[in-house]
Amino acid sequence: MDVTIRVPAGADRVGVLGAGERNLKMLREALGVAVSAREGQVQVSGEPDGVEAARRVIQRLTQAADRGRQLSRREVLDLIAGEIGASDAENTPIDWSGPLRGWDGHLNVYAGGRLVSPRTAHQRAYVEAIRDNDLVIAVGPAGTGKTYLAVACAVHMLKAGLVKRVILARPAVEAGEKLGFLPGDIRAKVNPYLRPLFDALSDMMDYPTLRRFMENDVVEVSPLAFMRGRTLNQAFVILDEAQNATRGQMKMFLTRLGHGSKMVCNGDVTQIDLPDAGESGLVDAARRLSRTPGVGVCGFDRTDVVRHTLVQRVIDAYGEDDEPERNGGLHG
């Protein structure tokens, strides 16, 4: 599919194309389309969905330029992210109160050619809680699908245009061993801690798309400590291994929630690596917020384990008796 879009001349043209045609470069990388500009026109070609998304972004850039505004890189990225997977109907304002329109509880997400869906009653309650609440706290043992289903919900909402970006965070707490200095930039340092989230994303997105999203901040990774001072609007935010966040860190993180966003905090309180297990912010938040409107608190147990059958036996061997107490008695 090919479309030709007229753009204004002079300084307004820079507002549409960006300095050095920066905006066109972002469209190419994020949407996988071919974009070129010459003689007052922008030519876009590629798959129909990508071309239509690019056309709508350029139209919005033109409207902003007509009003004398030149959008920042962050604002352009937000425009592009909002158009990914969205139709013209989806560009109307979203009613964020109560269950989301356009999400009937089924996930439009595939992994290995199969539809991703909850397998147990607790997992179904978890997905429904994410759909119906702005904040969800999930507590349960390893292998129960807490992280995987949260990522699936994030991908579903991103594809549907219900959020503009996905933010992945985790406390940088080592599991009983000191790794010392890690080389590289901040992303390289944090990647080992966020590997489970990356693995889930890689199952549900092809690598070129995931790489483009990361390069353009549609998918962002961040250490928990770097979330201070931010307001996260129209984002799906996942805090993994939240049992290793302190009470102060958890309060800081929860208060980052902005308009049109969803936040999911996952953890296993039998695997707290903090020096003082009593300081776990996940346990504290589950207790404080269990009756708060707009907050869903979900619990999992060994029957929800969807990994190798030996995982259930390992959980049993390490103390099934104290699991309800340490999970705060949360079920469903």
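Analyst: Start with helix α6 (residues 146-159) and helix α8 (residues 195-204), which pack at an angle of about 50° with their axes 9 Å apart. That angle makes α6 oblique to α8. The model is predicted: local features need pLDDT of at least 70, side-chain atom pairs count only at pLDDT 80 or more, and totals for chains, interfaces and linings use all residues. Residues are numbered from 1 along each chain as its sequence is written, and side-chain values use heavy atoms, leaving out hydrogens and water.

A few terms apply throughout. Helices (H or I, at least four residues) and strands (E, at least two) are DSSP runs, numbered from the N terminus. Axes are lines fitted to C-alpha atoms, for helices over the stretch in contact, and angles run from 0 to 180 degrees between N-to-C directions. Under 35 degrees counts as roughly parallel, over 145 as roughly antiparallel, 65 to 115 as roughly perpendicular, and the rest as oblique.

From α6, Thr147, Tyr148, Val151, Ala152 and Val155 take part in the contact (heavy atoms within 4.5 Å). On the α8 side they meet Leu197, Ala200, Leu201, Asp203 and Met204.

Helix α2 (residues 22-31) packs on helix α3 (residues 48-66) at an angle of about 155°, with the axes 10 Å apart. The two are therefore roughly antiparallel. This crossing, α2 past α3, is right-handed. Asn23, Leu27 and Leu31 of α2 meet Gly50, Ala53, Ala54, Val57, Ile58 and Leu61 of α3.

Arg212 lies in helix α9. Leaving aside neighbours within four places in sequence, Arg212 is in contact with Arg28, Glu29, Ala30, Leu31 and Gly32. Arg212 and Arg28 sit 184 residues apart in sequence, yet their C-alpha atoms are 9.5 Å apart.

Asp217 is not a glycine, but its phi is positive, about 65°. Its relative accessibility is 22%, so Asp217 counts as partly exposed (buried is under 20% relative accessible area, exposed over 50%, partly exposed in between, with a 1.4 Å probe and protein chains only). Gln234 sits in the loop between β8 and β9 (235-239). Gln234, also a residue other than glycine, has a positive phi near 45°. At 25% relative accessibility, Gln234 is partly exposed.

Move on to helix α11 (residues 281-289), where Asp284 is found. Asp284 is buried, with a relative accessible area of 9%. The side chains of Asp284 and Arg288 are joined by a polar contact of 2.7 Å (N or O atoms within 3.5 Å; within protein, one must be able to donate a hydrogen and the other to accept it, and residues adjacent in sequence count only if both atoms are side-chain atoms). Gly281, Leu282, Ala285, Ala286 and Leu289 are among the buried residues of α11. Their cover includes β6 (135-139), α10 (247-254), β10 (262-267) and β11.

The loop between β11 (295-299) and α12 (309-317) holds Phe300. Phe300 pairs with Tyr126 of helix α5 (residues 121-132), 174 residues away. The structure holds one aromatic pair. The ring centres of Tyr126 and Phe300 are 5.2 Å apart and their planes stand at 85°, so the pair is edge-to-face (rings of Phe, Tyr and Trp, by its six-membered ring, pair with centres within 6.5 Å; planes under 30 degrees are stacked, over 60 edge-to-face, the rest tilted). Tyr126 and Phe300 are both buried.

Val306 is found in the loop between β11 and α12. Val306 is partly exposed, at 33% relative accessible area. Not counting residues up to four places away in sequence, Val306 touches Arg119, Gln123, Gly143 and Gly145. Its C-alpha is 5.8 Å from that of Thr144, 162 residues apart along the chain.

Finally, the whole chain. It has 13 helices and 11 strands. Of its 332 residues, 49% count as buried. Among contacts with a separation of 6 or more, 75% join residues 24 or more positions apart.

Conventions:
A crossing is left-handed if the near helix is turned anticlockwise from the far one by less than a right angle, and right-handed if clockwise.
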